[in-house]
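I would ask you to look at the structure with me for a few minutes.

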Amino acid sequence: MSEFRVNSITNQDGSAGPQVCGVSTFSGKSGVQIPSGSSDFRRQDGGGRGRGVFGSGATPSSTDVMDVIEIATTGNSVDFGDDSKIREENYASFSSSIRGIYAGGYLPQAFTDIGYFIFSSQGGANDFGDLQTAVYSNGGCGNNIRGLSGGGAPLTNVIEFVNIATTGDGNNFGDLVRPRSSTASGIASPTRGIWHGGNSPSTEKLIDFVTISTLGDAIEFGELITKRNSHSGCSNSTRGLIVSGQNPSNLNSIEFITIATEGNGTDFGDITTNARDYQGSLASATRGVNAGGQTPTKINVIEFMTISTAGNATDFGDLTVARRFTQGCSDVHGGIAQ
């Protein structure tokens with residue numbers, strides 16, 4: 001019997017594969033594996049979709065630069081365009097599989113601006129609307145439908161939400177367990193959004209969570225191993241990572257939590273660059289990625305962790321511009337069902 005190699009079939013001129021029309025049948029010993037999940041999560045090159053974008057910040061001078069990476073690879077970031085508003089002192093970020101959103105920030109004072117961009121483009125950000133309250137040092141998370149901004153400075157416990165697919169202003173969602181500034185989030189499943197650490201005004205270990213599809217106040221989840229602020233977080237749908245920060249000296253430690261189960265943080269490993277704060281993080285289903293920050297020197301380093309395996313971060317590449325306050329989001333994070 002001759003061997004039939006499916007990967008060698010082409011159309012008539014050899015430029016592409018064949019188009020199969022009508023009803024087709026197959027028989028064989030090995031079977032056929034059909035791709036699963038939404039086609040939004042598959043690339044033509046077979047590598048799996050996963051774009052991450054890091055937003056504006058300070059060098060220490062203000063910069064509106066945005067950078068994009070392909071999470072499944074390694075290498076330096078590429079210019080994505082410009083933020084719709086320069087954002088310093090940290091800000092909320094969240095995203096769907098199509099859009100990324102930045103909310104709040106500081107320059108030269110707290111502001112309400114919300115900006116959005118399209119992951120598939122490289123054209124920078126556009127105006128989305130405004131938060132109800134001017135805030136910075138807030139933390140953001142969300143699923144494929146809703147994005148949440150919680151906490152921040154001036155010291156507040158307010159959580160607001162937007163519907164990512166539309167444009168418009170923030171709406172009241174509820175309150176964090178306690179008011180906190182310099183808090184972080186970035187951790188979500190399709191069901192839960194989680195905040196961690198921050199100042200109230202003293203530095204906290206608190207972890208709290210909400211159910212994203214409902215409205216209401218946050219509930220205590222557990223505690224971090226180490227009190228921290230000015231840090232970052234990221235997750236797949238199962239596990240969340242809490243990365244570096246300060247208390248009051250810079251930290252290099254990474255902790256993890258299991259999103260579906262309330263409990264305390266567990267040691268994961270360390271970042272590889274010198275201890276730093278004010279960095280941004282983002283994730284795919286496989287990797288968490290950190291970028292920028294200060295040691296206090298402003299840095300351009302990008303590192304990654306394999307979320308399922310505890311261990312230290314590994315070098316990924318460099319940002320186009322060294323900066324602090326940058327925040328990250330991706331089109332394949334834990335809040336998006338895959």
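This is a predicted model: local features need pLDDT of at least 70, side-chain atom pairs count only at pLDDT 80 or more; totals for chains, interfaces and linings use all residues.

Let me begin with the aromatic residues. A pair of aromatic rings is described by the distance of the centres and the angle of the planes. Across the whole structure, a search returns 11 aromatic pairs.

In the pair formed by Y106 and Y136, the ring centres are 4.7 Å apart and the planes stand at 70°, an angle over 60, so the arrangement is edge-to-face. Where do Y106 and Y136 lie in the chain? Y106 belongs to the loop between β7 (99-103) and β8 (111-118), while Y136 belongs to the loop between β9 (126-135) and β10 (139-142). The two residues are 30 residues apart, and their pairing links distant parts of the chain. Y106 is partly exposed, with a relative accessible area of 28%. Y136 also counts as partly exposed, at 21% relative accessibility.

The second pair consists of F209 and F221. Their ring centres are 6.0 Å apart and their planes are at 85°, so this pair is edge-to-face. F209 is in strand β16 (residues 206-211) and F221 in strand β17 (residues 219-223), 12 residues apart. Are these two phenylalanines buried or exposed? Both F209 and F221 are buried.

One aromatic cluster is formed by F80, Y91, Y102, F117 and F119. R239 lies over the face of F256, at 3.9 Å from the ring centre, and R287 lies over the face of F304, at 3.8 Å from the ring centre.

The strands β16 and β17, which carry the phenylalanine pair, belong to an open sheet of four strands with the order β14-β15-β16-β17 and antiparallel pairing. Which strands stand at its edges? They are β14 (184-188) and β17; each has a single partner strand, so one side of each is left without a neighbour in the sheet. From one strand to the next, the twist averages 30°. Within this sheet, β14 pairs with strand β15 (residues 192-196) in the antiparallel sense over three bridges. A188 has G193 in β15 as its bridge partner.

Strand β4 (residues 65-70) and β5 pair in the antiparallel sense over four bridges, and D67 stands opposite D79 in β5.

Finally, I would like to consider N290, in strand β23 (residues 287-291). This asparagine is buried, with a relative accessible area of 0%. What does the side chain of N290 contact through polar atoms? It makes a polar contact with the side chain of S281, at 2.7 Å. Leaving aside residues up to four places away in sequence, N290 touches a number of residues, among them F54, V243, I271, R276 and M305.

That concludes the tour, and I thank you for your attention.

Definitions and conventions
Residues are numbered from 1 along each chain as its sequence is written. Side-chain values use heavy atoms; hydrogens and water are left out. Rings of Phe, Tyr and Trp (its six-membered ring) pair if their centres lie within 6.5 Å; planes under 30 degrees apart count as stacked, over 60 as edge-to-face and the rest as tilted. Buried means under 20% relative accessible area, exposed over 50%, partly exposed in between (1.4 Å probe, protein chains only). A charge sits over a ring if NZ of Lys or CZ of Arg is within 6 Å of the ring centre and within 35 degrees of the ring normal. Two strands pair if DSSP finds at least two bridges between them. Axes are lines fitted to C-alpha atoms, for helices over the stretch in contact, and angles run from 0 to 180 degrees between N-to-C directions. A polar contact is a pair of N or O atoms within 3.5 Å; within protein, one must be able to donate a hydrogen and the other to accept it, and residues adjacent in sequence count only if both atoms are side-chain atoms. Contact means heavy atoms within 4.5 Å.
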